[in-house]
Amino acid sequence: MARWRASSAASSRRRPRCSGEHAALSAFRPVGLEVDFGPQGIMPPLSLYLGDGRWMDVAGRIDRVDAAESQDGTLLRILDYKSSAVKLRLDEVAHGLSLQMLTYLDVVVTHAPHWLGRPAKPAGVLYLHVHNPLLHTANGLDESGAEEAIRKEYRMEGLVLADGEAVQLMDESLDSGAKSSVVPVEYKKDGSFSARSQVADGAQWETLRKAVRRNISKIGKRIVDGDVDIAPYRLGKRSPCTVCEFRPVCQFDGQLEGNRHHALRRPANKDEVWQWLGETDEEEGADET
């Protein structure tokens, strides 16, 4: 249960239960919590062929899997609880930096006939920021205003299926021309998705699935080939060196000669990043001093 705080007289009143409200507005229901896949899991690992007779098994544990029934059959989505705000960035997926959630979705969709007894299609991957937000207001808020503001704080981030029925199943209160307070979707007045909506159609979900498998396979091949080059990536101003606890071991220092980041390009627009994701053997980025 989440509680809200606000700099207003309403701060001592009833606390909304945001996760419960999400459930009340959604037809999706949990079908698995802390779901293990792998040698000891309820589902097999994701097995990928690396060439030369070598295979790699990917195992893990999924926080939560939700399902809903649509006219096209069973839909599955992955829900991950985070202690900080997280978004799914497709350029990071294309560069192999953000593969976890999409791998989870691939696993459950692939093994749904065995696990659930029926095939399923991808409906989305969503992050829920578990926190206790403090609302800052100039003139205070009444109770309804505070609850609406707190719902926005708990709006989930990620990517969902670009299908009106699937979105409606996630937020049954959403009307045409409105913005969802549950998932990252909003409609334009003509009923189409706005440019700010984080959605992908069925073909794009298949593209994502192939891109993730391709990137994991590349990582696996580098591991078995013994690639231990010290060349951390840099994407804009981001670099893993700022948070890496093993920096004293590798002793990487971008200011020293011979130490280079692997610079990754940012896409010019959404169309370009989808082009990257759809390529079969791309090598994005270049070494940079």
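1. By class, how many nonpolar, polar and charged residues are in the lining of the second largest pocket? The lining has ten nonpolar, five polar and eleven charged residues. Here Ala, Val, Leu, Ile, Met, Phe, Trp, Tyr, Cys and Pro count as nonpolar, Asp, Glu, Lys and Arg as charged, and the others, Gly among them, as polar.

2. This is a predicted model, in which local features need pLDDT of at least 70 and side-chain atom pairs count only at pLDDT 80 or more, while totals for chains, interfaces and linings use all residues. Residues are numbered from 1 along each chain as its sequence is written, and side-chain values use heavy atoms, with hydrogens and water left out.

3. The volume of the second largest pocket is about 610 Å³. Its lining comprises 26 residues, and Leu88, Arg196, Ser197, Gln198 and Lys270 are the closest to the pocket centre. Helix H2 (90-94), strand S9 (157-161) and helix H8 (270-278) are the elements that each give two or more residues to this lining.

4. Helices H3 (residues 100-115) and H6 (residues 202-224) pack at about 110 degrees, their axes 10 Å apart. H3 and H6 are therefore roughly perpendicular to each other (the term covers angles of 65 to 115 degrees). On the H3 side, Leu102, Thr103, Leu105, Asp106 and Thr110 meet Trp205, Leu208, Arg209, Val212, Arg213 and Ile216 of H6. Six nonpolar, two polar and three charged residues make up this contact.

5. H6 also packs with H8, at an angle of about 55 degrees and with the axes 8 Å apart. H6 and H8 are therefore oblique to each other. From H6, the contact uses Gln204, Thr207, Leu208, Ala211 and Arg214; from H8, Trp274, Trp276, Leu277 and Gly278 (contact means heavy atoms within 4.5 Å). Its classes are five nonpolar, three polar and one charged.

Methods
Axes are lines fitted to C-alpha atoms, for helices over the stretch in contact, and angles run from 0 to 180 degrees between N-to-C directions. Helices (H or I, at least four residues) and strands (E, at least two) are DSSP runs, numbered from the N terminus. Angles under 35 degrees count as roughly parallel, over 145 as roughly antiparallel, 65 to 115 as roughly perpendicular and the rest as oblique. On a 1 Å grid over the protein atoms alone, a cavity is a set of points where a 1.4 Å probe fits but cannot get out, and a pocket is an open set with protein on both sides within 12 Å along at least five of seven lines; lining residues have an atom within 4 Å of a point. Grid points are joined across faces, edges and corners, and a volume is the space filled by probe spheres set on the points.
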